[in-house]
Amino acid sequence: MLDVRRLQVLRAVVTSGTVTAAAAHLGYTPSAVSQQVAALERQAGTALLERVGRGVRPTAAGLLLTEHAALISAAVAQAESALADLRAGRTGRLSVRYFATAGSTLVAPALAGLRAEHPGVRVDLELSDPQDPFQEVADGRADLAVVIQARGRAGDGCRLVHLLDDPYAAVLPLGHRLAGEEVIDLHELSGEQWVGSEPPGPCLEPVIDSCAAAGFSPDFVIQSEDYATAQGFVAAGLGVGLMPRLGLRSRHPGVVVRPVRNPEPLRVISAAARETALGQPALHSFLNALRDAAATGS
């Protein structure tokens, strides 16, 4: 393989016309320049320069390599410029995963803030099941994910940044016997039929665990994995439910929502990011924007 540095020495000689002028330009001695050219000629297997009076001129092979040396130099300069843009956050790409209820309340305003600060950075967004995004970050398929119930899962090259605690509230049909209460003790819902709004996983676990702590297991008679649909079932009088506050931003007119206690279920929402990506200005800005959105929306 041809030595790239020697190619640049050859280019300096051809451009300046003499070994002495090239040496002065490069900060080498004339002898060192001659040695570099001689070594390159051995690598190339042919003469690259020929003497003309007090100067030199390139052979056909020397001219060919000089042209390629110029291309290499331009490519390196472009790479350095691109790297500087990336390190400064002027360009780049972020791969972000999020779950549905975090989209409008956290990710959308954070993305708007990122675009204002780093307009040249492209963000690839993908909606994921709440159980999956953390592993995508750990496996290197995503730079950042908004995740649920991830405490204790740091490691695997990932860092967790707490965003907010999202409490669950009781969702009752209008006219329910507890609809007039300001706060409901969770055990008061023990004899009710329930409408499920969560698939098995980190969003359902706080509900099951809190009900167990209150001394009962919820009787799910209807299952729905969509908060709007679940509210519709509740409004029709088919049961009661527990849903997180972020999932209740759009209220069905036929339900009432009341806080619960003893205990109050909640899901912990965090951002998981790869440690190797945290040095990117764009990712740092996106994390800050997520924190701001969480503080505003909580």
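**Close-up 1. The largest nonpolar core of this predicted model has 51 residues.** A nonpolar core here is a set of buried Ala, Val, Leu, Ile, Met, Phe, Trp, Tyr and Cys residues joined through side-chain atoms within 4.5 Å. Buried stands for under 20% relative accessible area, exposed for over 50%, and partly exposed for what lies in between, with a 1.4 Å probe and protein chains only. Look for Leu 94, Leu 106, Leu 144, Val 146, Leu 189, Phe 286 and Leu 290, the residues with the most contacts inside the core. Helix H9 (residues 281-297) gives the most to this core, with eight residues. Helices (H or I, at least four residues) and strands (E, at least two) are DSSP runs, numbered from the N terminus. Another core lies apart from this one and has 16 residues, among them Ala 12, Val 19, Ala 22 and Ala 69. As a predicted model, it is read with local features needing pLDDT of at least 70 and side-chain atom pairs counting only at pLDDT 80 or more, while totals for chains, interfaces and linings use all residues. Residues are numbered from 1 along each chain as its sequence is written, and side-chain values use heavy atoms, with hydrogens and water left out.

Close-up 2. Contact means heavy atoms within 4.5 Å. Leu 164 lies in strand S6 and counts as buried, at 6% relative accessibility.

**Close-up 3. Trp 194, Phe 216 and Phe 220 form one aromatic cluster.** Rings of Phe, Tyr and Trp (its six-membered ring) pair if their centres lie within 6.5 Å; planes under 30 degrees apart count as stacked, over 60 as edge-to-face and the rest as tilted. The count by this rule is two aromatic pairs. Trp 194 and Phe 216 make a tilted pair, 6.1 Å centre to centre and with 50 degrees between the planes. This pair links distant parts of the chain, 22 residues apart: Trp 194 sits in strand S8 (residues 193-196), and Phe 216 in the loop between helix H7 (205-213) and strand S9 (219-223). Trp 194 is buried, with a relative accessible area of 1%, and Phe 216 is buried too, with 11%. Trp 194 and Phe 220 form an edge-to-face pair, 6.0 Å centre to centre and with 80 degrees between the planes. Because Trp 194 lies in strand S8 and Phe 220 in strand S9, the pair ties together parts that are 26 residues apart in sequence. Phe 220 is partly exposed, at 25% relative accessibility.

**Close-up 4. Helix H7 has a buried side and a face turned away from it.** Pro 206, Val 207, Ser 210 and Cys 211 are buried in H7. Seen down the axis, the buried residues of H7 fall within an arc of 125 degrees, so they line one face of the helix; the arc is that of the directions from the helix axis to the C-beta atoms. The face turned away carries the exposed residues Asp 209, Ala 212 and Ala 213. Strand S6 (158-173), S8, strand S10 (241-244) and strand S12 (266-274) are included in what covers the buried residues of H7. After H7 comes Gly 215, with a positive phi near 95 degrees.

**Close-up 5. Glu 136 is found in helix H6 (residues 133-138).** Glu 136 is buried, with a relative accessible area of 10%. Not counting residues up to four places away in sequence, Glu 136 touches Arg 97, Ser 128, Arg 141 and Ala 142.

**Close-up 6. The peptide bond from Asn 262 to Pro 263 is cis.** Omega is near -5 degrees for this bond. Pro 263 is found in the loop between strand S11 (255-261) and S12, and Asn 262 is found in the loop between S11 and S12. Asn 262 is not a glycine, yet has a positive phi of about 60 degrees. At 53% relative accessibility, Asn 262 counts as exposed.
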